[in-house]
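Me: I would like a close look at a single chain of this model, followed by a connected account of how that part relates to the rest. Please take your time over it.

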Amino acid sequence: MEFIVKAENLVYKYVAPSSSDENSAGDTTDAGVPLLALNGINVGIKKGEFVAVLGHNGSGKSTFAKHINCLLQPTSGMVWVNGISTADEETIWDIRQSVGMVFQNPDNQIIATIVEEDVAFGPENLGIPPSEIRKRVDEALATVGMSEFAGNPPHHLSGGQKQRVAIAGILAMRPDIIVLDESTAMLDPNGRKEVMKVVKQLNEEEGITIVFITHYMDEAALADRVIVVADGKIVIEGTPAEVFSQIDELKAIGLDVPQAAEIAHKLRNHGINLPQGVVTPQHLVEELEKCLLK
Amino acid sequence: MLKVTIGQYYPAQSFIHRLDPRMKLLCTMLFIVFLFFVNNFLGYAMAFVLLATVIKVSKVPPKFLLRGLRAIIFIIIFTAILNIFFTAGETIVFEWRWMRISQEGLLNAARMALRLTMLIIGSSILTLTTTPIQLTDAIESALKPLKKIRVPAHEIAMMMTIALRFIPTLIEEMDKIMKAQMARGADFDTGGIIKKARSLVPLLVPLFISAFRRAEDLALAMESRCYRGDIGRTRMKQMRYALRDLAAFIIILSFIAGIFVLNHVAAVYGIW
C-alpha cells in the first residue's frame, strides 16, 4: 500500500527556553535540557484517509503536524510526503503546496483585509495566472459555503466562518492533504460542527487526505483511524471503535473517551450486553434499542 | 469601543472612485508638490476650484472632509502663528515691545495655512475614495522602480496590508484587556494626564506580548501557504489603466501648467 505521508523513527529534539519566571524554585537546573517532543514516531497515512491524532497538551501532536508541512525538520528519522523527503530544500514549496495547514487561532492566519483576497493569497504565492486564481477562489469559497462573504472584511465573521475561510484559502492551492492543527480548539460548539462538516465533506467528496489534530474525543470518533500520542510516542492506534474500547489505557495517559463509549463501557460493566466498539451517540442509541427489543 | 479613522474609506460609485489607484496616487502627489510652488493667491483660488470640483465629483460629503481637518487644525494654527511672528519683514503693521508683525509675515502665515489645508483635503480625497488594499497595491507599484536600489517595495506593501488587517483585531483585544483590568479595579478615566498615561502601561504590556505571539503565528501561516516574498508571485486583481485615467492625468497636468503660467505672470506684474 502506497502511503501519502510516511514517518520513520521520527525524532524531534528541542531545547526548552529557560522558564525561570514561571516555575521558579528548583527548576533552574532543568532549563536548557533538551526535550524529546517526538521520540520515534512510525506512521503511514494512506491516500484519502481521515486520520485523527489525539493527545493532551505537550504530547507532541502539533510538533508532528508541523513536520508534514516542512515547518519543522526532524532531528533524526525521515518524513516523506507523496514519496518526497521533507528534508530536501529544493522541494519544500511543492510539499507546502500539497499539504495545507489550518492552525488553531482563526485570527492569526488570515492575511488580507477582504475574504476573497485572503483566499487568493496561496495561489498568488504559487504564481498562478490571475483568471485561474479568480476561478479557484470562487470554487473554494463555494465549497466551504462562504461565497456570500467574499467581499467582507474577515473581522466581522464568527470563529467557525473564519476557519472555513482559512480552509478555502488552502483549497485554492489544490492540496492532496489538509492538516488541521487543533483548528477547532478555539471555537464554540457550533463553529466546531461547521468546521467538522466541511472537513468530512472534503474527505468524502473530494478525496482529500485529512490529518485532524485535536483533543476533542467526539471529533476523533468520526475519523477512519485514530492515533493516540503521549510523550512523543504513538501509544494506541486503530479504528475509533478499537481505540475507544481501551478505556482504561486512555484514562491512564490522561485522556477522556467519547461520552457514548464511556456510557457503553459502564453499561457493559453492569452486565448489559452491548458489543465492543460503540463510540458515536447514534450507534449507542441503535444498540440500546436492540437490547430493549430483545 | 474605540473608533478607527486611519485610512478611512467612503464607499460610493463615482468617477474618482473608479480611477486607477496608481493614477490617483500620482495626481495627489503632483497636486501636493505644486501647492508648494504656488505663491500667489490667484493660484490658491485655482487650486481651491480644482479641489471643490473633485470633491463634488467624488460624491464624498464635504462634512466628512472637514471632520478630517479638525484633527490637524491645531497644527495649522500653530504654523500660522509661527509665520506671523518670525517672518522678518520691512512693512511693520503692528509693534509692541518685542513683538513685531510685518505684512510679509501675515501673507506668509495665510499662504502656509492655505497650503496645509488644501494638502490635507487633497490627500484625504485619495484615502476616502481608495480602499486600503488598492492603496497598498498602488504604493507597491509606485515603489517598484526603487527595487533596483534594493528598496523592498513588495515587503513594505505587505507590511502595510498586514497592519491594516490587524488594526481591528488589536483594537478589539485592547478593549478586552481594558475591561478585564477595569473588572479588577483599574481606573482609566480619572486623574491628570500623567496618571492617565501611567495607567496605560498595564494595558500596553499584554497587548504587545499578544501582538508578538500573533506575529509568530501569522508568519507560520504565511510560510505554510508558500509565501516567499514576491518571487514568482502573481495577483488575482490586476490594475489596468483606462481612458478615464488618461483624462484625469491631462486635467491635472493642464492645471499645473496653468499655475506655472500664473506664477510667471504674477512675478512679472508683481501681483501677490
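What percentage of the 272 residues in chain B do buried residues make up?

Reply: In this predicted model, buried residues account for 19% of the 272 residues in chain B. The overall dimensions of the chain can be set beside that figure: its radius of gyration is 24 Å, whereas a compact globule of 272 residues would have one near 19 Å, and its C-alpha atoms fill a box of roughly 65 × 55 × 40 Å along the principal axes.

The secondary structure of chain B consists of eleven helices and two strands, and, read along the sequence, these elements follow the pattern α-α-α-α-α-β-β-α-α-α-α-α-α. As for how the chain folds back on itself, among contacts between residues at least 6 apart in sequence, 75% join residues at least 24 apart.

Confidence deserves a word before any detail is read. Chain B has a mean pLDDT of 85, with 96% of its residues reaching 70 or more; within the chain, confidence is lowest in strand β1 (residues 92-96) of chain B, at a mean of 74, and highest in helix α10 (residues 201-224) of chain B, at 92. Where pLDDT is low, the predicted coordinates should not be read in detail. For the model, the scores are ipTM 0.84 and pTM 0.80.

Chain B also touches chain A, in a contact that takes 25 residues from chain B and 32 residues from chain A. On the chain A side, the elements giving two or more residues are α2 (92-98), α3 (115-125) and α4 (130-143) of chain A, and α3(A) gives the most, with six residues. By class, that side of chain A has 16 nonpolar, eleven polar and five charged residues.

Helix α5(A) has 13 residues and reaches 18 Å from its first C-alpha to its last, close to the 18 Å expected at 1.5 Å a residue. Twelve of the 13 residues of α5(A) are buried, so this helix is largely enclosed by the rest of the structure. The buried residues of α5(A) include Lys162(A) and Arg164(A), as well as Val165(A), Ile167(A), Ile170(A) and Leu171(A).

Note on methods:
Residues numbered from 1 in each chain as written. Chains lettered and ligands numbered in written order. Predicted model: local features only at pLDDT ≥ 70, side-chain atom pairs only at ≥ 80, totals over all residues. Contact = placed C-beta atoms within 7 Å. Helix = DSSP H or I, 4+ residues; strand = E, 2+ residues; numbered from the N terminus. Nonpolar A, V, L, I, M, F, W, Y, C, P; charged D, E, K, R; others polar. pLDDT = per-residue confidence, 0-100. Rg over C-alpha atoms; globule rule 2.2 N^0.38 Å. Buried ≥ 20, exposed ≤ 12 C-beta atoms within 10 Å, placed from the backbone. Expected span 1.5 Å × (residues − 1).
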